[in-house]
Amino acid sequence: MRILLAHNSLYYPSHGGGDKSNRILMEALAERGHEIQVVARLGEFSEAAEARFLAALDGRNTQAEVNAGVARFSHNGVRVETLTRNPQMRAAFAAVVRDFDPDVILTSTDDPAQLLFEIAVNAPRARVVHLVRATIAVPFGPDSSMQSERRTGLLRRADAIVGVSEYVARYIREYGRMPAVHVPISLMEPGEPPAVGRFDNSHVTFGNPCAVKGIDIFLGLARCLPNLQFAAVPTWGTNQYDLSRLQSQPNISIVPPVDNMDELFAQTRVLLVPSVWAEARSRIVPEAMLRGVPVMASNIGGIPEAKLGVPYLLPVNPIRGYKPAVDENMVPVAEVPPQDIEPWVAALRRLTTDESHWLAISSASRQAALDYVHNLSVEPFERVLDAVVARPKQMAAAAPRRNALTAEKRRLLAIRMKQRAGRASAGEWFPGIEPAPFRLFCFPHAGGGTLQYRSWREPLIDVAAVVPALLPGREQRIREPAIDDFASLIQKLYEAILPHLSEPFAFFGHSMGAALAFELSRLLRSHSHPMPRALIVSAARAPQFREHWTPPADPSDLEFLDELRRLDGVPDELLEHEEALRVVLPALKADARLYRRYIYRPGPPLGIPIFAYRGRTDPNVRPEHAARWREQTTAAFKEREFDGGHFYLQTCRDELLTALRDDLSTVTP
């Protein structure tokens, strides 16, 4: 059987539980004689990240061939393609689907926005088996961080859904109304690990310290039991705020993750798993128990299954919801309630002071885990794959609505959309706006209109409804005087957008438009209105560079035209065409005057993700200018560079649209 794994994160080397489980599952299938291919990616696309990745492979005696930003290598019988400097994951994955022609495509919840899943289910022949390793990442039910009817409907096109635990399979059946089964997909490394747990081991250990994993309980224990030494092992969820909190506690050591878990557990007296989200299962629990390390864990989600009946399941106050934002690691920002750590303090105090009790729990843990692993096999999952391949492809005709239209109907729809957009009346700020599940409001550069953004509507139609802002003095509003006062323009945009905030939305702004989108977001927050799910700022310096700004004198017409000539992307035909200039110059000059006089007034950072885009050769926006947008958010921040200058969005349109699809998919409902 030819099996392709869509792994929308780092496959190898990686220390995340889901990543490790996927790798061991693929290697077990390869050992059974199946042909396995994996498509994965780095978390950051850059030369430096690629160099670190290749060094990590080299340190594990694995050599990769790198070509066009993709590293190819084999590991334990599995062929792997990892995107290192190529951000176009969807296109790369689609190419592998075409060339490899798999019988089965495995997708999983490491792709919560279903960027790869959608390509998989539209493959003409391959069956799709979806692995659910985290209920937070499914688009339905109380554990979900971002519910979506559209993605739920898309998920129903999977040929099979497999949960990592009975808890997960039951959750999918109950809340998603989809058939789901639980068979082992979190296998263990071959062989019996040594019993390295000791009562006199140095640390009480906590893996992946972050909000959803229960960092508040861990810090509380460290404060209440200052005589104990604690170890924190940062992985995918740990952000800079978490690290600063850990470093402030004197009896906490920060320990790097390791490939060989024996090294970690040989230092561990007790393992803590105080998760406050509904863990699907938690791989680290049986791994510790196999080595004779007692585990104190939360009594929620699938963790009781992982504990195998051994004591020390403890109560927590679980997460009840998530904010419409992600942090710097793209982890959903949870609303974590206060915790009662007294049961945890009492249990840990006993386990670290009563040696005979520790020995009893250690022995029971190892025996239960050995019995479990003895019966663990890839064969039940292999039988699921055999059954799927024997059946017709699930709902093959139920393509997304945009693909259900014929080419002629799509052409007519596009024409109607353009006609509708062209019928803007005087004073209409968002021409063509219609009800939509998710909107992307787009704000123009100086002198810009809606044409640039209207061309994005069809390419992005399945991600967001593109809604360009039409400012006075251009296109259908050419007879209206342009506004040259920044505060006045923001106030008018605010009044115009208020009726359109009932559905989720995001903001995109290019150059001057980035400042408009930023200040409009701040004004919405100040009046407690719904906020954009994300702010995408393009070709713009962070606003801090306008603090205490003294606006220069307005340039003459000749000086102004010279400024325009220095910006690549402004057509020479326009600059040399007297009649065209007479039409567009008033709006251009008004916008330039408006932006020139914009002064930033400091305020608290926004609580929404910010994505900063720039052209690599932009003379006005250098890397340090874009990087400081990070200071304007307490949520996630991401930078992207594109070939080209200030108007890269014209020369790199396809790359930009791909980036927008990917980034918007992380915040869409």
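**Close-up 1. Where helix 7 meets helix 12.** Ile217, Leu221 and Cys224 of helix 7 make contact with Trp344, Val345 and Leu348 of helix 12. Sorted by class, this contact between helix 7 and helix 12 holds six nonpolar residues, with no polar and no charged ones. As with every view here, you are looking at a predicted model. Helix 7 spans residues 215-224 and helix 12 spans residues 342-353; the two pack at an angle of about 55°, and their axes are 10 Å apart. Helix 7 and helix 12 are therefore oblique to each other. Their crossing is right-handed.

**Close-up 2. A salt bridge between two loops, Asp259 with Arg60.** Now for the charged pairs: the count of salt bridges comes to 31, and one of them joins the side chains of Asp259 and Arg60, at 2.5 Å from N to O. Asp259 sits in the loop between strand 12 (252-254) and helix 9 (261-265), while Arg60 sits in the loop between helix 2 (47-59) and strand 3 (65-67), so this pair ties together parts that are 199 residues apart in sequence. How exposed is Asp259? Its relative accessible area is 42%, which makes Asp259 partly exposed. Arg60, with 26% relative accessibility, also counts as partly exposed.

Close-up 3. The cut-off behind both calls is a relative accessible area under 20%.

**Close-up 4. A salt bridge between Asp654 and Arg653.** The side chains of Asp654 and Arg653 meet in a salt bridge, at 3.9 Å from N to O. That value falls within the 4 Å limit, so the pair is counted. Asp654 has 53% relative accessibility and counts as exposed, whereas Arg653, at 27%, counts as partly exposed.

**Close-up 5. A network of salt bridges.** Which residues are linked in a network of salt bridges? This view brings together Arg614, Arg616, Glu641 and Asp643, which are linked in such a network.

Key: Residues numbered from 1 in each chain as written. Predicted model: local features only at pLDDT ≥ 70, side-chain atom pairs only at ≥ 80, totals over all residues. Heavy atoms only, no water. Axes fitted to C-alpha atoms, helices over the stretch in contact; angles between N-to-C directions. Helix = DSSP H or I, 4+ residues; strand = E, 2+ residues; numbered from the N terminus. Parallel < 35°, antiparallel > 145°, perpendicular 65-115°, else oblique. Left-handed = near helix turned anticlockwise from the far one by under 90°. Contact = heavy atoms within 4.5 Å. Nonpolar A, V, L, I, M, F, W, Y, C, P; charged D, E, K, R; others polar. Buried < 20%, exposed > 50% of the residue type's maximum accessible area, 1.4 Å probe, protein only.
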